[in-house]
Amino acid sequence: MEDPYQNNVTQPQGGDGGQFTHPPQEGSGYPYQTDLPAKDEDDAASDATEGHDEGEQMYEGEYQGIPHPDEIKEARRAARMEARRKARQEAQLEDEDDLPDQYENIMEDCGHGRFQWTLFAVLGLALMADGVDSYVVGFVLPSAEKDMCITNADKGMLGLLVYVAMLAGALVWGGLSDKLGRRKVLIYVLTIDIVFSFLSCFAQGYGFFLFFRFCSGFGIGGSIPIVYTYFAEFLQIEKRGEHLSWLCMFWMLGGLYASFTAWGIIPHYGWGFAIGTEVQFHGWRAFILVCTFPAIAALVGLIFMPESPRFLLENARHDEAWMILRNVHDTNWKAKGEPERVFTVTNIKTPQTQEDEFIEIQSETGTAFQRWTVRHTTLLQQVMSNVMSLSAAEFRLQSLFLVIVWFCLAFSYHGLGVWFPDMIKYMQYEEYEAKTRVFHRERVERFHFNFSLVNQIHREGEYIHDKFEDIEMKSVKFEHSLFENCYFEDIRSTNTFFENCTLKNTVFYNTDLWEEKFKDCHMENTTFLHPKKGCHLNFQEENDIVIYLVSFLGSLAVLPGNIISALFMDKIGRIKIIGGSMLGSAACSFLLLLSFSQGAVICWQCLFYAVSVAAWNGLQVISVEVYPTAKRATAFGILNAVCKFAAILGSFIFASFIGITRIVPIFLAIAALVCGGLLALKLPETREKVLS
């Protein structure tokens, strides 16, 4: 079989995967000469101390029998390489892992330092933007539904379409990043999210608002697969599990940021302006605008970050990869006070590829439109072939297990994520309804109502020559009542209705009591003057602080679970973390059967989130490590799309049982978590696995 790697490739000048050799030229800008003999690892290591006389430096532990840290590092590297060599021999494999092994050694030489921490902050902000977007719709709906007259059916459509958009975004952008590059596609993703989020702030009609939120969700939906893939390819094996877990904390910070800013902005009606009755900009629109800040910051930072060198090497872009790796090496060691360290890599083995050449040849002919069509059609074919290759025998079983575990965790997590706040609202409603005052067959004549009516039911009443002026009616219902010669002026209403009532010689002046408030009513000589058409915003009613408090505490509860999973991800392994977390979450779900108050529900919610976050971290780490570089983001995108589908299904099922029973949703969550947790133990352990 022909060797797919070039064994003596020095710094290339092209990307066709063949053998390239730079002639030794002065001023070429490369710190090495290609006519020098190849160095072995021991010689390469000696260059790291170039300019220092080893006789002049003394290691403090030399006479105490303590090994030098560099010796420990080399011993670990040699042990790993020997284990991988034996594994290849047993499997009768050839040199297919030469690039992964070499790249791992290069990343160890580059070290972990300033460059990785800078990239960590930038990608963390991108992940934070995804977390913020997951909360936006839930926070703005109570106000937006009144501002734009959104019905309950339209409300459900908004939440559904946003998740569908994220699902589609994960599939599309994950696949494209394996062909176009991690950095480039992530820039596209963030730009789309920022532009359409900004436009949704000013959308006055529900149709435009729905379209802009859909486009924003489609953009940000691709961020998670790309962020984890991008960061993992800059990490050495000892750091990968821990630092990918630390990165997960930014999703929690997104929830905290959204909860805190929503509470500080949305309830304040004065944070906005209006131009007539057609253009309005209230607090909830300002909140959406503020939610774009993490994405903007991430986009700015990403401009200064390089492409993943591992992606470049897989696509035979050797020069670019080498320069980036040298920059990573120099940045880290200069920050550690060792600028004399020299980047000793002079050759990198890379696979041959003819895809780029094939595209370029075809794109040379025809019109501009034909060239554009050929390039993008070929790109689509390559993405689809990547997707189809994931169903091959080598990936089929592990992909199936991963899909089931992702589905089980997302189904229970997002299902309960909807159930928690809805259950609290239902408890509030039951408590409020229990305090409802009922008036039966009252007769009120020539009375001036100048005080608010709250949480009342009036049945078979008679109101003769009465005046209702400058008051608020909140949760008031009139049933089978008579209004004769009455006058209503400056009335503000919330959840107020007239059912089967008779109105004679009655005037409504400057009120929001309009057609939808009167159900099966008989009107005789009734007049409506200067009605407040449209919807009425009542921020005291629609923005209960509990909405923000529940989300804030739920996000904050994730912190200890994040810290513990990050510290132990590399010590006890991904599989035990995932399985233990999901089984522990199932036990926490069972405790929900014992919650009969709002405080108890909030308490168990926080405990559930704290335990389950470790499973999320473990799944995201293993999903990055189990697939090869050429398919990594594509596979992660598919898994993330499965997660979004499970979230849609779980949210719909769990919400349908609110007010009916709590047993069914809780046992569904327990069954899914136990099933996923046991199946997770069958997944391959990737703690010592080099990125293939």
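**Close-up views of a helix crossing and a parallel sheet**

**View 1. The crossing of α8 and α22 is right-handed.** Handedness here follows the near helix: anticlockwise from the far one by less than a right angle is left-handed, and clockwise is right-handed. This is a predicted model, where local features need pLDDT of at least 70, side-chain atom pairs count only at pLDDT 80 or more, and totals for chains, interfaces and linings use all residues. Residues are numbered from 1 along each chain as its sequence is written, and side-chain values use heavy atoms, with hydrogens and water left out.

**View 2. Helix α8 (residues 223-232) meets helix α22 (residues 632-656) with axes that come within 8 Å and cross at roughly 140°.** That makes α8 oblique to α22 (under 35 degrees counts as roughly parallel, over 145 as roughly antiparallel, 65 to 115 as roughly perpendicular, and the rest as oblique). Axes are lines fitted to C-alpha atoms, for helices over the stretch in contact, with angles from 0 to 180 degrees between N-to-C directions. Helices (H or I, at least four residues) and strands (E, at least two) are DSSP runs, numbered from the N terminus.

**View 3. Ile-224, Pro-225, Tyr-228 and Thr-229 of α8 touch Arg-632, Ala-633, Phe-636, Gly-637 and Asn-640 of α22.** Contact means heavy atoms within 4.5 Å. These residues divide into 5 nonpolar, 3 polar and 1 charged (Ala, Val, Leu, Ile, Met, Phe, Trp, Tyr, Cys and Pro are nonpolar; Asp, Glu, Lys and Arg charged; the others, Gly among them, polar).

**View 4. An open sheet of 5 parallel strands runs in the order β4-β7-β9-β12-β15.** β4 (443-445) and β15 (522-524) are at the edges with a single partner strand each, so one side of each lacks a neighbour in the sheet. Neighbouring strands are turned by 5° against each other on average, direction ignored. Strands pair if DSSP finds at least two bridges between them; β12 (residues 502-504) and β15 pair in the parallel sense over 3 bridges. Look for Thr-502, which stands opposite His-522 in β15.
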